[in-house]
Amino acid sequence: MQHSQLAPLPNDVPFRIVSKTIGQGAYACIKKACPLDSDNPVFAVKYIHKDYAARHGKISARQLQLEVTVHKHVSGHGNIINFYQTGEDSVWRWIAMELAEGGDLFDKIEADEGVGEDIAHVYFSQLVSAVSFMHSKGVGHRDIKPENMLLTGDGNLKIADFGLAALFEYKGTRKLSTTFCGSPPYIAPEVITSSTRGQNKGSGYHPDLVDIWSCGIVLFVLLAGNTPWDSPTDDSFEYHEYVATNSRTTDELWQKLPPATLSLLRGMLTVDPKSRFSLEDVRRHPWYTRANKFLSADGKLRDPINLATSMFESLHIDFSQDPLSQSRKGASRSFDQMDMDIDDSANAGGFSSTQPEMLGGGMLMDWDNPQEPDVFSSTQPTGKQFASQDAVMAGHLEDEPSMSQFSQQPSVPVSRTQNAQKFQDIVPSRPMTRFYSAWELKLLVPLICEALHRLGVPVPSVPAVIAGDSSAMIRVIAKDGRMCPLQGKVLIECVSEGVFEVEFIKIKGDPLEWRRFFKKVAILCKEAVFRPDE
């Protein structure tokens, strides 16, 4: 489908758009908006292309309406994205909701390392609070995973995306679900064994018990920076051993967990849903009730600046690591079934292609025209001309948050700590999956493509970069090492004289898997990556 065939976003709405796309998927995008007669408050609007959703996502109008109804029903809790309003025309469905200014929670967590026990406890507590509220309303989320855990500007957790939520209890009557849904590393085993799939009618499962399992996986990921298994099936060696040893696995990730969390995790990750911990059991567990210096009595962050600093300084890239070495699980596996498509900027001075395209059987839509000057956020270098590359690298970029992860000792810039008032002042909402380079575009594009090739990523022939080009884009549609969808794009943009920003933008997939992908490419391209310590 050509871009010209895409109908414009509806104009008959009670708000005005005030940003480019801040989040996107295959058939939906999210933009900032505000009331027509005011600049405040700013909120988020999710636009869903109904025809694309039906044809490519198998999402019916009834399912879209159900998402709206359920989201509205559970709105009002401090750890759930608030629902505001909805509407539609012949092409689009839009949903106005609370803006999570802090971005993805798991974008701020280092893959394969996780966070400290106190920070894990904060976000697990807020997650349990939100899920408990949903369950009290008779709603099961059924898709609890890192992609759906967002942050406010103050650093508090917000659960989002109710596209797979189900009403399991109404007026005292409980109902089983039979829909097969969720992400394999996070779904409970009974979803696989008891769902209706094809001609096989499933016996059904309890959505609330499924959520409890998923919350247990999230806690594991917070502590370990990795999932305990790829999926709860015998195809996974880790899961098979977990079951065979009655949850006393010898897996190295379990061995590194704080001892006090083991009984909680085993209770939540009990294979038999009838014997699994209830949320009441979770809330009574000694680890859950432990004191926490970061958590106030009302369940909000008590010391967001120090918590943010700890999270920020844990993000680092070790250039001495071998990204091609074989170690455990998702951190080591190559990226499977990945298609790449490269658009050079040709003579347009920007990106040559803004049309939605079908790549590798999936869909990846460009919702905005990257040629417009404000397509990048205000925290990015904006194209200002500098006297020399040395001045750019040594001066302007020293305060760029993403530069810290390339230091031998990552730290928060003094300029930010002095003026920090809230979480977002330390940990920016803008993803950290980016690096800067003084290499020319004609050298940088082939280098990145070579890195992808070395990772086992199929790369088409590299197009010639024409003199004067200032940008290029590499589209990624893939399945990660756990066979879950991973989609995004690598944008290479000249941001000042002689300086390029290489930004890895995730569209769909696990944030930790996307960060692993970014780190592998960055290490393989280390000769071109500017490092503040050099």
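**Close-up views of a predicted model**

Ile212 is buried, at a relative accessible area of 3%; buried means under 20%, exposed over 50% and partly exposed in between, using a 1.4 Å probe and protein chains only. This is a predicted model, in which local features need pLDDT of at least 70 and side-chain atom pairs count only at pLDDT 80 or more, while totals for chains, interfaces and linings use all residues. Residues are numbered from 1 along each chain as its sequence is written, and side-chain values use heavy atoms, with hydrogens and water left out.

**View 1. Ile212 sits in helix 5 (residues 207–224).** Helices are DSSP runs of H or I with at least four residues, strands are runs of E with at least two, and both are numbered from the N terminus. Leaving aside residues up to four places away in sequence, Ile212 touches Met268, Arg276, Phe277, Ser278 and Leu279; a contact means heavy atoms within 4.5 Å. Ala188 is 24 residues from Ile212 in sequence, and their C-alpha atoms are 8.7 Å apart.

**View 2. Here is an open sheet of five strands, in the order 1-2-3-5-4 with antiparallel pairing.** Two strands pair if DSSP finds at least two bridges between them. Strand 1 (15–24) and strand 4 (83–88) are the edge strands, each pairing on one side only. From one strand to the next, the twist averages 25°; axes are lines fitted to C-alpha atoms, for helices over the stretch in contact, and angles run from 0 to 180 degrees between N-to-C directions. Helix 2 (residues 61–74) packs on the sheet and touches strand 3, strand 4 and strand 5 (92–97), with its direction at about 10° to that of strand 5.

**View 3. Strand 2 (residues 28–35) meets strand 3 (residues 43–49) in an antiparallel pair with six bridges.** To follow the pairing, look for Ala33, whose bridge partner in strand 3 is Phe43.

**View 4. Lys46 lies in strand 3.** An unreviewed UniProt entry lists Lys46 under "binding site"; UniProt positions are given in the numbering used here, feature names are shortened, and annotations may be inferred rather than shown by experiment. Lys46 counts as buried, at 14% relative accessibility. Its side chain makes a polar contact with the side chain of Glu67 (3.1 Å); such a contact is a pair of N or O atoms within 3.5 Å and, within protein, one must be able to donate a hydrogen and the other to accept it, with residues adjacent in sequence counting only if both atoms are side-chain atoms.
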